[in-house]
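Dear colleague,

I am passing on the structure we discussed, and my notes follow directly below it.

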Amino acid sequence: MTAPLAVSVPSQLDPLNFPLWGSSLIEASAGTGKTYTIAALYVRLVLGHGDTAAYARALTPPEILVVTFTDAATQELRDRIRVRLAQAAGYFFGTSDDADAFLQDLRQNYPDESWPSCARKLQLAAEWMDEAAVSTIHGWCNRMLQEHAFDSDSLFTQTLETDQSELLAEVVRD
């Protein structure tokens, strides 16, 4: 008789209390809120939020790496994070009442007198999103190989092949 397989039940991710240190995997089907969660975690990283669940310090957009699968998803993710940062900044400044439960709970974690400085951090991060490291997996790997070509013993000039259909056709012909 074989032992029964252990089945893990997916749990609801709480972006307000999710640990921002160590390694974690967020995996979900389409339309389940991955982009929302990533943007929420990004806001927390910019603020340095989380006490024991926080990263060691607040981060700026060039220090945060966000990786996704497709080029289209990269641009959408960058835009959604920028919008979320601006929305959070407006809410912390008090110029906007457009806030969901996450932003309401997040702002309650800070004393009223710190809201303007939090808002300023968020606003600067939103303006700095053009410098943010949001890329595809293959794009990020290619960038690291180029930046560290000498250390990795790879070529200084490489081309990234994302469409391998012609290569596959050549193999089949051979």
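Which residues does Ser 135 touch, not counting residues up to four places away in sequence? They are Val 66, Val 67, Thr 68, Thr 74 and Trp 140, where a contact means heavy atoms within 4.5 Å. Ser 135 lies in strand β2 (residues 133-136), and at 17% relative accessibility it counts as buried (under 20% relative accessible area, with exposed over 50% and partly exposed in between, for a 1.4 Å probe and protein chains only).

This is a predicted model, in which local features need pLDDT of at least 70 and side-chain atom pairs count only at pLDDT 80 or more, while totals for chains, interfaces and linings use all residues. Residues are numbered from 1 along each chain as its sequence is written, and side-chain values use heavy atoms, with hydrogens and water left out.

The mean pLDDT (the predictor's confidence in each residue, from 0 to 100) of the chain is 85, and 87% of its residues reach 70 or more. Over residues 5-9, however, the pLDDT is below 50, and this stretch has zero contacts in the model beyond near neighbours in sequence.

The structure holds five salt bridges, each a side-chain nitrogen of Lys or Arg within 4 Å of a carboxyl oxygen of Asp or Glu. One of them joins Asp 100 and Arg 84, with the closest N and O atoms 3.0 Å apart; this pair links distant parts of the chain, 16 residues apart. Asp 100 is partly exposed at 23% relative accessibility, whereas Arg 84 is buried at 7%.

Best regards

Technical notes
Helices (H or I, at least four residues) and strands (E, at least two) are DSSP runs, numbered from the N terminus.
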